[in-house]
Amino acid sequence: MGAATLNSLVAWLHGFAALVAANRDHLTELDSAIGDADHGSNLDRGMTAVVAALDAQPATDTADLFKRTGMALISNVGGASGPLFGTFFLRLGGALGASSSVSSLELASALRAGVSGVTVRGKAELGDKTMLDVLVPALDAWDAAPDPGDVAGAARAAAEAAAAARDATAPLVAHKGRASYLGERSAGHLDPGAASTALLFRALAEALEA
Ligand code: ADP
Ligand code: MG
Ligand code: MG
């Protein structure tokens with residue numbers, strides 16, 4: 001598939017919400033090991049609000065879709081992940097503008113804008129054991145896909161890299177967020193935000209393959 005349609009991007013958000021709901025307890029367990037045991041419930045609350053907003057008023061274009069997604073996350077999630085995922089989607093929507101179909105290259109570049117929003121807001125660096133440790137390798141894999149113009153293939157490559165990058169957060173020592181309070185004791189556990197970010201890319205690959 002050469003382009004991502006508005007419908008497929010709406011399906012991405014619905015798919016992500018469903019994966020978060022199904023993995024809610026798992027995400028919260030990960031956060032109970034190195035945080036405050038709320039990541040699954042935080043994100044589930046946020047994505048449930050996103051789906052409710054989109055069901056109440058269908059998105060007219062990509063700018064509207066991701067702006068309302070970001071706002072719903074920021075206003076419904078108290079934890080660090082709400083403003084960070086919220087900023088990601090606000091920047092994504094701003095970069096895509098009001099479109100009904102976007103190419104693989106446009107989507108990759110807009111996802112990068114989302115990641116730079118997370119970096120500016122959270123000030124984490126690579127290796128700090130955060131969602132950034134999945135976002136960056138996933139987009140690197142998107143760019144390195146055999147045919148970066150094939151949006152479904154590139155998203156599949158990104159999702160596979162995201163799963164591997166999630167697993168690679170286990171040995172890291174956290175330097176940002178609540179897990180950093182544990183210092184060296186944060187090593188040996190997956191980062192919860194890395195795990196949910198891997199679900200974000202899995203949902204995108206599934207939505208674009210459908
Ligand atoms: P809180 O830690 O406030 O309870 P959550 O549990 O919902 O919020 O989210 C925790 C996740 O947020 C972490 O696993 C990490 O991936 C991510 N995170 C926390 N702080 C930052 C940051 N400064 N930059 C990027 N990601 C961060
Ligand atoms: Mg937490
Ligand atoms: Mg919290």
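In which helix is the place of L90? In this predicted model, for which local features need pLDDT of at least 70, side-chain atom pairs count only at pLDDT 80 or more, and totals for chains, interfaces and linings use all residues, L90 is placed in helix α5. Residues are numbered from 1 along each chain as its sequence is written, while chains are lettered from A and ligands numbered from 1 in the order in which they are written.

L90 counts as buried because it has 23 C-beta neighbours inside 10 Å; a buried residue has 20 or more other C-beta atoms within 10 Å of its own, an exposed one 12 or fewer, and a partly exposed one a number in between, with C-beta atoms placed from the backbone. When residues up to four places away in sequence are not counted, L90 touches F66, K67, G70 and G117, a contact being a pair of residues whose C-beta atoms, placed from the backbone, lie within 7 Å. L90 and V120 are separated by 30 residues in sequence and by 13 Å in space, C-alpha to C-alpha.

The protein chain comprises nine helices and two strands, where helices (H or I, at least four residues) and strands (E, at least two) are DSSP runs numbered from the N terminus. Starting at the N terminus, the order of elements is β-α-α-α-α-α-β-α-α-α-α. The C-alpha trace spans about 45 × 40 × 30 Å along its principal axes. A compact globule of 210 residues would have a radius of gyration near 17 Å, and the 16 Å of the protein chain agrees with this; the radius is taken over C-alpha atoms, and the globule rule is 2.2 Å times the number of residues to the power 0.38. Of the 210 residues, 53% count as buried. Among contacts between residues at least 6 apart in sequence, 67% join residues at least 24 apart.

In soluble globular proteins, nonpolar side chains tend to be buried together. The largest nonpolar core of this model contains 66 residues, and F16, A138, A158 and L204 have the most contacts inside it. Such a core is a set of buried Ala, Val, Leu, Ile, Met, Phe, Trp, Tyr and Cys residues joined through C-beta atoms within 7 Å. Helix α9 supplies the largest share of this core, eleven residues.

Helix α9 has 18 residues and reaches 26 Å from its first C-alpha to its last, close to the 26 Å expected at 1.5 Å a residue; the expected span is 1.5 Å times one less than the number of residues in the helix. Because 16 of its 18 residues are buried, α9 is largely enclosed by the rest of the structure. Helix α1 (residues 6-22) has 17 residues, and its reach of 24 Å is close to the expected 24 Å. The buried residues of α1 are S8, L9, W12, L13, G15, F16, A17, L19 and V20, and they pack against β1 (3-5), α2 (24-34), α3, α4 (62-76) and α9.

Ligand 1 is surrounded by 24 residues, of which the closest are G79, G122, T130, G177 and G193; a residue belongs to this shell if its C-beta atom, placed from the backbone, lies within 6 Å of the ligand. Two or more shell residues are given by each of α3 (39-56), α5 (81-96), α6 (104-122) and α9 (192-209), and the largest share, three residues, comes from α9. By class, the shell holds eight nonpolar, nine polar and seven charged residues, with Ala, Val, Leu, Ile, Met, Phe, Trp, Tyr, Cys and Pro counted as nonpolar, Asp, Glu, Lys and Arg as charged, and the others, Gly among them, as polar.

A154 lies in helix α8 (residues 151-167) and counts as buried, with 26 C-beta neighbours inside 10 Å. Leaving aside neighbours within four places in sequence, A154 is in contact with S104, A108, W142, A145 and P148. A154 and L9 are 145 residues apart in sequence and 15 Å apart in space, C-alpha to C-alpha.

Positive phi values occur at two loop residues described here. A37, which is not a glycine, has a positive phi of about 55° and lies in the loop between α2 and α3. A37 is partly exposed, with 15 other C-beta atoms within 10 Å. K123, found in the loop between α6 and α7 (132-144), has a positive phi near 55° and is exposed, with 9 other C-beta atoms within 10 Å.

Technical notes:
Contact = placed C-beta atoms within 7 Å.
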